[in-house]
Amino acid sequence: MSERTAAPAGQADGRTDDQADRRADRRAERRAERQAEEGERRADPRRRNNRAWLLVLPVVVSVAFTAVIPLMTVVNFSVQDIFSPGDRLFVGLEWFRSVSRDPEVRAAFVRTLLFSAQVLLLEIPLGVLLAVSMPRRGVWVSVTLVLVALPLLIPWNVVGTIWQIFARPDIGLGGWAVNNVLGLEFNYTLDATDAWITVLAMDVWHWTPLVALLAYAGLRSIPDPYFQAAQIDGASAWATFRHIQLPRLRGVLTIAILLRFMDSFMIYTEPFVVTGGGPGNATSFLSILLSKIAVGQFDLGPAGAFSLLYFLAVQIVCYVFFTVLTRTGR
Amino acid sequence: MGDRRLPWKRTVLWLYGITLLLPLLWMFGMSIRPNQDILGSFSLIPQRVTFDNYVTFFTNSVWYSSYLNSIIYTSMNAVMSLVVALPAAYAFSRFRFAGDKHLFFWLLTNRMAPPAVFLLPFFQIYQAVGLFDTHLGVAIAHMLFNVPLAVWILEGFMSGIPREIDETAAIDGYSLPRFFVTIFLPMIRSAIGVTLFFCFMFSWVELLIARTITSVDAKPIAATMTRTVSAAGVDWGLLAAAGVLTIVPGAIVIWFVRNYIAKGFSLGRV
């Protein structure tokens, strides 16, 4: 404040034009800054109030109990070599080094990443297509909503069991149809590609509804006048989708993409039930490998280090998605 | 768009509907067949129809009690997650405070924790504090992934409600808690419905954590299904019947919240 009042006073003193210019520049700069700040405040009209922490406290406490304490335990495992409950040795970052160099872990990492990429590429467009096709009003709204949501409500191991049977070439309808109707040889217990396709098909079946439900809810939040305007302008169905619907779906799609990435990157129960990671290790994703080390071999040190690296990888990718998705189209 | 339904839309819906329903119908078909018929030969239509599997489910206490267990802890979890998340979501949507952005992202990261990481510590901690094998224990454990999601969904809805309403209420002499309960909550009814649905869903389908921290008294239905499989060969018919029944509670919940989803939400800030 004092600087600003000092500026005209300096000019009155009769300093050189050069100095006056510089001061004017600085003043303009400051004004621009102030305007930018004001603009920001207008864009984000939330009041600054640190007492809001009190409202957030229950969440912080509950998440601390369910997440932070277990996480600390895992960190504790990861830096020790545990022979028995009373006999342990501090090994520093040794486990992190050996896990990150393990070729089996690296192969599983690439496999999981590939799986997540395929899941996103299939489920997001399919879910949006489905949401666009779902009726906007009438009796069928309820029916389609309930039907579409059904796969989401089945416990994950049951989903695995359903597909384990359904895809079997001898007694399952899916496997039988591929073999006898399409005439392709298909057996997911023997062939690596078939196993991969089965797990992928299962995931698409299981999770596309989530994308569809979120996208549908997003579409419904678009006021009707938008569509009427598009109709008056003679916009094609594609143009309406591209310029009216898609931009309004940014929020829900960001959530859908993030949720689908997290869950597909951590997929465990379904492929474990269907293929058990096989044949060979064709479908042994990171989580399956991890639980083999943690529960099967009870190697707590490596498992802890593995978990933390895994957690970190998910977070990094999510952060990138989060940043990119919230910036595009804004 | 209006009511003008294009034929390709109907085709998409029908095609999808059929692929969606086939595995489910197949499971239902299995549940009403005797085991010999399921494994014996491939047939599209059940030869002999029996409801024995359902009778077994509802007369064997191991089955129906674990079914009840799942319903109890899932409902508890949905309510608890909602109660905890409501004030937090309000804070995120209305106030700026130190570290709010970081806190928001940190909350989300907990949804990303690979469950396999948490299994052993969960087992130890819940045993230490006496929550092992209780409904409350599972409900609390599932808050790990449901609270962040609930905050996320609610915050999106709340940001869509104009702040002027809060200010007007404050001028009219409403205290914050009273305003929240009598004015704000009824306004975000649909958000609450949608949040309850998603919390119910994710808690209902989760198996790994629920199985790890329970043994008998709070054992989830999904765990009963895996354990019976290994007992005396695989009883596919009973398993399918249980599978069919696990869809029912969720289907009821979605029926109640369908209008809220149909009304639409866009989730402002992500």
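1. Confidence. Chain A has a mean pLDDT of 81. Of its residues, 88% reach 70 or more. Among the elements of the chain, helix H5 (residues 103-133) has the highest mean pLDDT, 92. Helix H1 (residues 2-12) has the lowest, 43.

2. Over residues 1-14 of chain A, pLDDT stays under 50. The model has five contacts beyond four places in sequence for this stretch. Where pLDDT is low, the predicted coordinates should not be read in detail.

3. Overall make-up. Chain A has 15 helices and three strands. It counts 330 residues, and 38% of them are buried. Take the contacts between residues at least 6 apart in sequence: 69% join residues at least 24 apart.

4. The annotated domain. An unreviewed UniProt entry places "domain: ABC transmembrane type-1" at residues 109-321 of chain A. That span is 75% helix and 0% strand. Its end C-alpha atoms lie 18 Å apart.

5. The contact with chain B.

6. Strands across the two chains. Strand E1 of chain A (residues 47-48) runs parallel to strand E1 of chain B (residues 95-96). Two bridges join these strands. In one of the pairings, A:Arg47 has B:Phe95 as its bridge partner.

Technical notes: Residues are numbered from 1 along each chain as its sequence is written. Chains are lettered from A and ligands numbered from 1 in the order in which they are written. This is a predicted model: local features need pLDDT of at least 70, side-chain atom pairs count only at pLDDT 80 or more; totals for chains, interfaces and linings use all residues. Helices (H or I, at least four residues) and strands (E, at least two) are DSSP runs, numbered from the N terminus. A residue is buried if 20 or more other C-beta atoms lie within 10 Å of its own, exposed if 12 or fewer, and partly exposed in between; C-beta atoms are placed from the backbone. Two residues are in contact if their C-beta atoms, placed from the backbone, lie within 7 Å. UniProt positions are given in the numbering used here, feature names are shortened, and annotations may be inferred rather than shown by experiment. Two strands pair if DSSP finds at least two bridges between them. pLDDT is the predictor's confidence in each residue, from 0 to 100.
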